[in-house]
Amino acid sequence: MIYPLLLEAPLKDYLWGGTRLKEEYGKNTDLDKVAESWELSCHEAGLSVIASGPDKGKTLKEWLEEQGDAVLGKRAAAFDYFPLLIKLIDAKGDLSVQVHPDNEYALRVEGEYGKTEMWYIVDCEPGASLLYGFKEKISQEEFQRRIEDNTLLEVCNKVPVHKGDVFFIDSGTLHAIGAGILICEIQQNSNTTYRIYDYGRVGADGKPRELHVEKALAVTKLEPPTRGTKPLADIDIFPHMEVKLLADCEYFKVYHANLHGESFLHAGDDSFQSLTVLEGALKLSCGKETLTLAKGNTVFVPAGMGSYQVTGQAEFILSKL
């Protein structure tokens with residue numbers, strides 16, 4: 001029997017994190033701060049745990065191995081690993097300036113896939129901004145020189161952010177989340193990051209955090225981004241629900257929904273789905289199974305589960321392949 005799975009997220013307390021995920025999003029932990037909540041994860045660096053139903057206590061990875069490929073859907077056949085990693089990220093401070101490699105480089109050098117990702121700005125402080133590529137095209141020589149003489153920020157594309165903005169971060173795109181921003185991130189299932197610049201900070205051991213300049217030089221696209229920061233399209237087919245398409249690429253499709261009452265979704269045999277509640281609460285019902293999802297909850301919906309009902313007043317992100 002397949003049914004929707006409420007998930008418990010592994011939490012990360014990186015030095016730039018804040019307390020909003022604890023105080024507002026229901027993350028129960030003894031950690032002083034929570035930088036990242038890995039809402040949907042089968043990565044060995046942090047595995048989601050099933051928090052409901054007869055399989056409560058198992059990791060999502062264990063459950064998927066027991067169930068077989070059908071619960072992932074037909075599109076998952078293009079991947080030889082669980083393809084998605086979904087996070088909530090609370091940046092109290094600035095993240096390092098960084099870049100992710102593409103699949104070819106990451107597999108050859110790191111032994112795992114690269115990372116293309118998407119950010120949805122859940123909330124932000126007034127005046128918050130982030131770094132997104134370069135202001136204009138630069139040479140490899142200039143890139144290296146600016147890293148060495150600490151003038152890299154002068155050529156980075158600094159973008160003011162607002163709630164509801166969308167940033168698509170292709171592999172190879174220089175980027176950095178700025179202080180005061182809360183993000184929902186949908187990404188390839190990879191944990192490979194090359195840190196280029198870190199504001200001279202030190203880690204818990206009192207030493208400067210490692211930089212990965214040589215690798216960053218090999219993979220960074222030295223040009224401005226070409227994508228905008230707004231949703232791709234409005235989808236006006238659901239009763240009592242406003243839906244926007246945020247991203248559509250070879251790795252994932254992502255939607256934003258505002259639910260006002262009762263509506264229906266469908267999990268066909270093409271792909272599993274994941275719902276992450278950003279505001280409010282909803283009930284998800286399929287047959288005799290009903291889950292109540294609060295702000296900060298994420299549910300895994302198996303492929304082939306069919307039609308299911310969502311009821312409530314809620315804002316959520318739906319991700320699929």
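**Entry 1. Glu279 and its partner**

I started at Glu279, which is partly exposed, with a relative accessible area of 39%. The model I am reading is a predicted one. Glu279 forms a salt bridge with Lys295, and the closest N and O atoms are 3.3 Å apart. I noted that side chains of opposite charge can pair when their charged atoms come close. Where do the two residues of this pair lie? Glu279 is in strand β19 (residues 273-286) and Lys295 is in the loop between β20 (289-294) and β21, so the pair ties together parts that are 16 residues apart in sequence.

I followed the shared partners next. Salt bridges join Arg20, Glu24, Asp123, Glu279 and Lys295 into one network.

**Entry 2. Other salt bridges**

How many salt bridges does the structure hold? I wrote down 24. One of them is between the side chains of Arg20 and Asp123, at 2.8 Å from N to O. Arg20 belongs to helix α1 (residues 20-23) and Asp123 to strand β9, so this pair ties together parts that are 103 residues apart in sequence. Asp123 is partly exposed, at 25% relative accessibility.

I also looked up Lys58 and Asp55, whose side chains meet in a salt bridge of 2.8 Å, N to O. Lys58 counts as partly exposed at 25% relative accessibility. Asp55 has a relative accessible area of 12% and is therefore buried.

**Entry 3. Two domains**

I turned to the chain as a whole. It is divided into domain 1 (5-219) and domain 2 (233-320). Taken over C-alpha atoms, the centres of domain 1 and domain 2 are separated by 23 Å. Domain 1 gives 37 residues to the contact and domain 2 gives 30 residues.

I noted that the size of an interface is often given as the accessible area lost when the parts come together. For domain 1 and domain 2 the buried area is about 2800 Å². Carbon and sulfur atoms give 67% of that area.

How many salt bridges cross the interface of domain 1 and domain 2? I recorded 4 salt bridges there. Residue pairs in polar contact across the interface of domain 1 and domain 2 come to 12, with both residues at pLDDT 80 or more. On the side of domain 1 that touches domain 2, several elements supply at least two residues each, including β1 (5-8), β3 (36-40), α2 (60-67) and β9 (117-124). I sorted the residues of that side of domain 1 by kind and wrote down 24 nonpolar, 6 polar and 7 charged.

I also noted the salt bridge in which the side chains of Lys74 and Asp269 meet, at 3.4 Å from N to O.

I picked out Glu39, which is found in strand β3. Is Glu39 buried or exposed? At 1% relative accessibility, Glu39 is buried. I left aside its neighbours within four places in sequence and looked up its contacts, and among them are Leu7, Lys27, Ile86, Thr276, Asn297 and Thr298.

Glu315 lies in strand β22 (residues 306-320). Glu315 counts as buried as well, at 9% relative accessibility. Which side chain makes a polar contact with the side chain of Glu315? I found Lys163, at 3.5 Å. Not counting residues up to four places away in sequence, Glu315 touches Tyr120, His256, Asn258 and Val277, among others. Glu279, from my opening entry, is also one of the residues that Glu315 touches.

The side chains of Ser285 and Thr290 are joined by a polar contact of 3.2 Å. Ser285 and Tyr308 are 23 residues apart in sequence, and their C-alpha atoms are 5.7 Å apart in space.

Phe300 is buried, with a relative accessible area of 0%. I looked up its distance to Leu152, which is 148 residues away along the chain. The C-alpha atoms of Phe300 and Leu152 are separated by 40 Å.

How values were computed: Residues are numbered from 1 along each chain as its sequence is written. This is a predicted model: local features need pLDDT of at least 70, side-chain atom pairs count only at pLDDT 80 or more; totals for chains, interfaces and linings use all residues. Side-chain values use heavy atoms; hydrogens and water are left out. Domain bounds come from an automatic or database domain assignment. Contact means heavy atoms within 4.5 Å. Buried area is the accessible area (1.4 Å probe) that two parts lose on being put together, summed over both. A polar contact is a pair of N or O atoms within 3.5 Å; within protein, one must be able to donate a hydrogen and the other to accept it, and residues adjacent in sequence count only if both atoms are side-chain atoms. Helices (H or I, at least four residues) and strands (E, at least two) are DSSP runs, numbered from the N terminus. Ala, Val, Leu, Ile, Met, Phe, Trp, Tyr, Cys and Pro count as nonpolar, Asp, Glu, Lys and Arg as charged, and the others, Gly among them, as polar. Buried means under 20% relative accessible area, exposed over 50%, partly exposed in between (1.4 Å probe, protein chains only).
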